[in-house]
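Please walk through this two-part description with the sequence and the coordinates side by side. The paragraphs below go from the interface to the cores, the domains and single residues.

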Amino acid sequence: MPLSWALIASLLLAVAGYLIGRNRALGAAGPDVRMLHSRPTYHGVSVALTTFGPAAVIVVLALLLRMTGQIDPTTGGVAGLAVLGGAILGLGWGISRIGADFQARSAVERMVMSVLIICSLIAIATTVGIVLSLIFETGSFFQKYSWHEFFFGLEWTPRFDGNSRLGMLPLLWGTLYISFIALVVAVPIGLFAAIYLSEYASPRIRSFAKPMVELLAGIPTIVYGLFALITVGPMLRDWIAQPLGLGNSASSVLTAGLVMGIMLIPFVSSLSDDIINAVPQSLRDAALGLGSTPSETVRQVVLPAALPGIVGAVLLAASRAIGETMIVVLGAGAAATMSLNPLEAMTTITVKIVSQLTGDNDFSSPETLVAFALGLTLFVITLCLNIVALIIVRKYREQYE
Amino acid sequence: MTDMSNHASRISLFEVDPRTRRRNAAEKRFRAYGATAICIAVIALVLLVGTILRDGSGAFRQTYLSMPVALSAEKLDPKGNRDPAEMSKVLTLAYGRVLDDALDAAVAQMDTQIEGLSEKDMTGLVSKEASAQLRDRVLADPELVGQTVDVNVLVNGRIDGYFKGRVSKESAERDSNTSPQQLMLADALAEDGVLVTRFNREFITNPDASDQRPEAAGVGIAILGSLYMMLVVLFLSVPIGVAASIYLEEFAPKNRLTDIIEVNISNLAAVPSIVFGILGLAVFINFAGLPQSAPIVGGLVLTLMTLPTIIISTRAALKAVPPSIRDAALGVGASKMQSVFHHVLPLAMPGIMTGTILGLAQALGETAPLLLIGMVAFVREFPAAPPEGLFDPASALPVQVYNWTQRSDPAFVERASGAIIILLIFLLCMNLLAIFLRRKFERRW
């Protein structure tokens with residue numbers, strides 16, 4: 001791969017440039033190094049950066065052109081020569097700038113600063129990439145499939161011979177139902193755990209229980225998924241669903257919801273812990289001083305004061321639950337049904353994104369492209385939840401600062 | 001006096017009045033709710049880890065037939081010139097026959113004879129993978145032909161399951177892949193010491209195996225693939241993340257653009273991981289034409305996913321360095337850039353490393369985005385060494401787990417749980433390292 005060789009060569013040139021620049025600067029200074037504006041190292045670094053910078057830019061440009069098919073991948077030799085040429089020109093220019101009066105440090109700092117700025121722009125580039133790739137493919141999906149049938153269709157039956165019904169509502173229903181159960185499990189447990197840890201627990205219990213709860217947060221979701229698949233699912237089926245005659249499927253809304261609830265406990269509890277701790281101690285002291293019991297203080301003073309923050313935390317947890325994939329892939333099933341029975345298998349948006357996009361994809365068929373429309377829907381829902389939650393949490397924080 | 005006694009009957013210091021009793025009871029109840037919540041969380045954790053350990057520990061033990069095998073020259077090397085090229089024309093079928101003969105010999109030596117034992121029970125005892133393994137071994141060392149060597153042969157997954165309690169004689173009645181007679185034969189062989197169960201090193205080093213051969217499946221390629229992806233994430237997300245945080249925390253002016261960047265980063269941190277998978281599929285595979293199921297693509301996707309985490313923790317670490325350090329550096333004539341790179345950054349390093357390790361741990365366990373970029377593919381070939389190997393197809397630990405849950409043979413549940421144990425061990429090590437770094441180097445100002 002000549003491009004990589006050219007890159008290595010320009011790295012070597014940059015090292016050589018550093019040494020040359022440093023020596024030239026020392027030479028230009030004459031007997032007294034203090035004549036230089038910047039320390040000799042900065043002169044060296046400035047030459048090295050002007051050598052490697054153009055080379056790196058040309059490499060990135062060549063890769064981009066190659067990806068978009070503007071140039072043939074076999075013309076790597078030309079691109080490599082261009083990289084090397086850029087490096088040599090940069091080297092020459094860098095060396096020519098060296099002199100006793102050259103402000104090498106400011107030059108280096110300007111260059112470093114632009115690297116820093118480019119790096120922080122990558123976050124924006126990621127978002128733009130997400131939005132563009134989603135919108136682009138969703139657009140071509142809606143050219144093949146009418147948008148109102150997608151958003152308001154009550155039936156999800158993809159077929160590979162065409163004639164698919166791709167209505168989103170059953171998936172949305174499954175997603176919301178499972179997330180709701182997860183929140184019903186996670187919010188009370190997480191909230192009470194946070195209250196207990198911050199208001200009641202002795203340091204010894206706290207030092208043991210807090211890491212345990214946080215351990216739950218460090219466990220990958222695939223582990224929860226497997227737990228739902230081989231333990232919780234069969235247990236619910238054998239103990240509850242079959243005796244009550246409510247269904248005989250191991251994967252169900254309740255399975256996925258319960259396990260997802262467990263996953264969200266540490267999320268809710270650590271967020272609420274922060275929020276409860278942010279309530280000023282003076283409020284608690286005042287309530288206790290008036291004779292209220294600790295639980296009355298929590299219920300009537302701390303919780304109302306922390307309420308906006310807790311609502312924000314719940315919204316963040318909801319956005320997590322809606323976007324969660326592995327637990328529902330393994331625990332919720334694949335049947336796109338709309339029913340109220342929590343022991344029935346249902347499916348979610350994320351499950352269908354996975355099932356439509358794994359395996360051989362044909363990016364001209366609506367059955368594959370629908371995954372991008374689902375992804376865009378998911379992205380928009382979670383984004384709205386996050387933004388609202390962040391605004392609430394931020395407002396609340398300012399209140400007591 | 002009467003007044004006082006009246007008063008005392010209403011409010012006594014020794015007897016608690018009903019209202020206080022109610023309030024105290026409410027207090028106790030409230031406290032119990034909190035304790036219950038903690039207990040539920042801890043019980044859930046114990047159950048979760050406990051069932052995984054219970055189901056997965058079996059993957060680390062494996063049943064082998066340990067017996068002498070006569071590698072007959074006329075079957076394995078008909079031309080008799082020990083040329084590996086010639087010998088590679090002999091198919092695994094011939095090796096299977098050699099193994100069957102060896103098993104026949106071992107059974108003939110036993111004292112007990114099992115009634116109703118069919119030919120299928122005998123040949124079915126040995127794993128389908130065993131003949132391929134024997135063939136590989138002989139081709140690597142042609143001198144073995146003609147000798148009698150002691151080999152450890154994998155047994156069928158059902159027999160292995162019998163010794164791990166997954167298969168019983170009752171279930172064997174209904175199973176077309178095994179029979180009670182076969183299990184009795186296995187019992188007899190175990191008594192003779194031919195059938196042994198020992199530590200399963202191959203589970204950690206072997207590649208995945210097909211649906212019919214759970215006994216041979218391993219996580220070797222998955223571990224390697226995960227490692228490659230972590231390398232990519234480490235080399236990309238740490239420099240980019242630290243550079244971005246330095247700019248945002250130390251230099252960024254308060255303006256529209258930096259505001260947008262900040263909101264952006266906190267939102268990216270909460271975008272569902274599967275959306276990053278869609279991004280990877282659309283941009284890196286469809287647009288840029290990178291190969292499917294390659295660690296480089298997985299690494300790039302995970303980099304974009306962990307960047308917000310790393311940026312947030314790095315900014316917290318930078319913020320924790322007191323302004324007096326910066327002021328002192330500026331006061332003795334350092335430039336802003338020098339004060340950051342020479343003083344603030346080194347002091348923030350422990351915090352940055354802790355955040356980085358936790359970000360990597362999160363990336364290691366991530367599954368959903370990798371499903372979309374084709375990491376679910378069945379891979380038997382080990383990827384080459386980096387950097388070329390980054391473009392070879394590979395698997396990843398969490399994806400391998402998902403893959404195995406989709407197979408029909410229940411023996412793969414054990415394998416999946418075993419793979420999770422390995423994953424959890426890696427995560428535990430990373431978290432312990434992070435805690436160690438925090439304890440050792442963190443400074444309170």
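This is a predicted model: local features need pLDDT of at least 70, side-chain atom pairs count only at pLDDT 80 or more; totals for chains, interfaces and linings use all residues.

Residues are numbered from 1 along each chain as its sequence is written, and chains are lettered from A and ligands numbered from 1 in the order in which they are written.

The interface comes first. In it, 68 residues of chain A are in contact with 70 residues of chain B, where contact asks that two C-beta atoms, placed from the backbone, lie within 7 Å. On the side of chain A that touches chain B, helix α4 (residues 104-144) of chain A gives the most, with 19 residues; helices here are DSSP runs of H or I with at least four residues, strands are runs of E with at least two, and both are numbered from the N terminus. By class, this side of chain A has 47 nonpolar, 18 polar and three charged residues, with Ala, Val, Leu, Ile, Met, Phe, Trp, Tyr, Cys and Pro counted as nonpolar, Asp, Glu, Lys and Arg as charged, and the others, Gly among them, as polar.

Next come the cores. A nonpolar core is a set of buried Ala, Val, Leu, Ile, Met, Phe, Trp, Tyr and Cys residues joined through C-beta atoms within 7 Å, and a residue is buried if 20 or more other C-beta atoms, placed from the backbone, lie within 10 Å of its own, exposed if 12 or fewer, and partly exposed in between. The largest nonpolar core has 188 residues, and Ala193(A) is one of those that touch the most other members. Helix α6 (residues 169-200) of chain A supplies the largest share of this core, 18 residues. Beyond its neighbours within four places in sequence, Ala193(A) is in contact with residues including Ile265(A), Gly34(B) and Ala37(B). Another core, of 34 residues, lies apart from it and has Met67(B) and Leu125(B) among its members.

In chain B, an automatic or database domain assignment gives domain 1 (2-56), domain 2 (60-202) and domain 3 (220-441). The C-alpha centres of domain 2 and domain 3 of chain B lie 45 Å apart, and the contact between these domains takes four residues from each.

Chain B also has an open sheet of three strands in the order β2-β1-β3, with antiparallel pairing, two strands being paired if DSSP finds at least two bridges between them. Because β2 (148-154) and β3 (195-199) of chain B each have a single partner strand, they stand at the edges, and one side of each is left without a neighbour in the sheet. Strand β1 (residues 61-70) of chain B pairs with β2(B) over seven bridges, and one of the bridges joins Pro68(B) to Asp150(B).

Two loop residues close the account. Ala332(A), in the loop between α12 (326-331) and α13 (349-357) of chain A, is buried because it has 30 C-beta neighbours inside 10 Å. Its C-alpha atom is 8.8 Å from that of Gly174(A), although the two are 158 residues apart along the chain. Ser293(B), in the loop between α14 (273-287) and α15 (295-320) of chain B, has a positive phi of about 45° although it is not a glycine. Ser293(B) is buried too, because 22 other C-beta atoms lie within 10 Å.
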